[in-house]
Amino acid sequence: MGLKKSRLSGDSMTPSKTNKLNEFFDGIKSKKKQRKLAAKRNISNSNAANEKKILDVLSEIDFSNSNLDPELLEHKTISTQNVGDLEQTRNEVMEKIISNTKNSGLKLKEFDTRLYEIALEYKNAISNGHKNAAFAARSALHIGVVQIRNQLADIRDEWRQNYLDDCTVYMGKWIQLIETCISLDASMDSYEKSTKQLETKLADLERRKSEYNDRIKNDDNLIKRLNMVRDKPVGETLTDPALRRLFDDLVDVKIRDTMIQFDLTMNKMQKRKQVQYAQQVETQRISVEDMPIPKDPYSFQKFKDTVDSMFREATKVENEYAEFLQLISDVEGRVNQMAHSQAAKMENQMVQDQISKMVEAVNSMSESELDKMPTRELREKLGLKVEEEQKEENRNENTETEDETEENLN
C-alpha cells in the first residue's frame, strides 16, 4: 500500500517541510546582484556627488521601523548617547562625510562604489532585521569613512594612489564578510519560521491522534469488530471496509509522526550548525574591526596580507556551512523521493523505517561529534550517496531503463 490521501488528515502524506533552501539562497544572490548594479549605476567620477549619494542612502535608514530586536537597536556603548550604537554610528559617519574638508586629489569612484554598496547593505540589514549583517556593515562604514577616506590627504603624494587601491581591495573584503552575514541571518530567519510551522504541525498531529482514539472509543460497533479479529493476521481483517479505513488512517498517522520526527531532527542539526557558524562569523568581524588601519602603505601591505589570511579562513567556513545546507536539501529531497516516486512500489512501513534510520543516525551522535564531523561522513551516516556515487547510480538506472525499453519494443 503506497502513500496516499489520508482520510484522517485530509491532505497528502508528503514530508512536513518543503525544501526551499535553493530557492531561498537564489533570492539572496539576486538581491546582492541588484545592489552591486545600483552601486555602479549611482557612483561617478565626482567625489562630491558620490558623497551626496552615500549620505542619501544613510539618511533613508528608518531605525523606528526596523525588524531588529529593540534591545539591539537601543544598546548604547556610552550611556550618555542619545541613540543606540547602530544609529549613533550612522550619524557619526554622516557627520564625518559632511565635515571633511581635506582634498586628497584622488578620484574615489571605485572606493566610493564599495562604500555605497556597504551603505545599501547597512540600510537593508536594519530594515530586514539582519543582526550580523547590520553590525558588520556598521563597522565597515566607520572604518571606510573615518579611518580611510577622510585620512587619504594625510598620505604622502607618491604613495597615495597605491594606498587607495589597497584600501579599495580591503573594503571589498568587508563586503564579502557582510554578504556572509546576510546568508547567515537569512538562514536563521528561515529556521525560526520553519520551527514555528513545525510547532503548529506537532500540535495538529496530537489533535488528530486524540480524534483517532476518541473515534475508536466512541464507536461500539467498531470495538466489537476489533475484538472479533484481535488475534487474526492484519491481512485477514482488511476485508472489512470499516477496519480497512481504520488501518489506513493508523498508517497515515504513523507516517505523519515519523515525518515530524524527521523535521525535528533536521532542525536540531541546522540549529547546531548555525550557532557554530554565527560564532565564527562574529569572531571574524571583531578581529578585522579591531585591527588598526596603518597610514604607511608598506605597513598596510602587511596588514592586508593578514586580513587576506583571515578572510580565506572565513571563506572556508562559509563553504562548509553552504555544504551543510546542501546536505539538508539533499536529505529532504531523499524523503520526498521516498514519499512520491517510490510510493507505488514501496510499503509504508519501509518508508517509515528508512526515515527512522536517518533520525536515529543523527540522534546517536553527540553534539561535539556533529560539530566536528565532515559533511561527507555525515552523508554516509545518513545513507546518502556522495555526488559521484549518485551520478554513477543514475547512469546505471538510465541504462537499465533503456535496456527494458528495447526489450519491450522487441
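Here are a few exercises on this predicted model, each with a worked solution.

The model is predicted, so local features need pLDDT of at least 70 and side-chain atom pairs count only at pLDDT 80 or more, while totals for chains, interfaces and linings use all residues. Residues are numbered from 1 along each chain as its sequence is written, and side-chain values use heavy atoms, with hydrogens and water left out.

**Exercise 1: the whole chain**

Find out how many helices and strands the protein chain has, and what share of its residues is buried.

- Start with the helices and strands, which are DSSP runs numbered from the N terminus (helices are H or I, at least four residues; strands are E, at least two). The protein chain has 15 helices and zero strands.
- Next comes burial: buried means under 20% relative accessible area, exposed over 50%, and partly exposed in between, with a 1.4 Å probe and protein chains only. Of the 410 residues in the protein chain, 43% are buried.
- Then look at contacts, meaning heavy atoms within 4.5 Å. Take the contacts between residues at least 6 apart in sequence: 80% of them join residues at least 24 apart.

**Exercise 2: checking a helix length**

Work out what H5 should span at 1.5 Å a residue, and compare that with its end C-alpha atoms.

- The expected span is 1.5 Å times one less than the number of residues.

**Exercise 3: the faces of H2**

Which residues of H2 are buried, and where do they sit around the helix axis?

- The buried ones are Asn50, Glu51, Ile54, Leu55, Val57 and Leu58.
- Looking down the axis of H2, these buried residues fall within an arc of 160 degrees (taken from the directions from the axis to the C-beta atoms), so they line one face of the helix.
- Turn to the face away from the buried side, and you'll find the exposed residues Ala48 and Lys52.
- The cover over the buried residues includes H4 (85-99), H5 and H6 (131-148).
- Zoom in on Asn50: its relative accessible area is 0%. Skipping residues up to four places away in sequence, Asn50 touches Ile43, Ser44, Lys109 and Asp112.

**Exercise 4: how H2 meets H5**

Describe how the axes of H2 and H5 are arranged, and which residues meet.

- Two packed helices are described by the angle between their axes and the distance between the axes.
- Axes are lines fitted to C-alpha atoms, for helices over the stretch in contact, with angles from 0 to 180 degrees between N-to-C directions.
- The axes of H2 (residues 47-59) and H5 come within 9 Å and cross at roughly 10 degrees.
- Angles under 35 degrees count as roughly parallel, over 145 as roughly antiparallel, 65 to 115 as roughly perpendicular, and the rest as oblique. H2 and H5 are therefore roughly parallel to each other.
- Residues of H2 in the contact include Lys53 and Ile54, and those of H5 include Leu115 and Tyr116.

**Exercise 5: a residue in H7**

Is Ile175 buried or exposed, and which residues is it in contact with?

- Ile175 lies in H7 (residues 157-217).
- Ile175 is buried, at a relative accessible area of 5%.
- Leaving aside neighbours within four places in sequence, Ile175 contacts Lys36, Arg114, Glu117 and Ile118.
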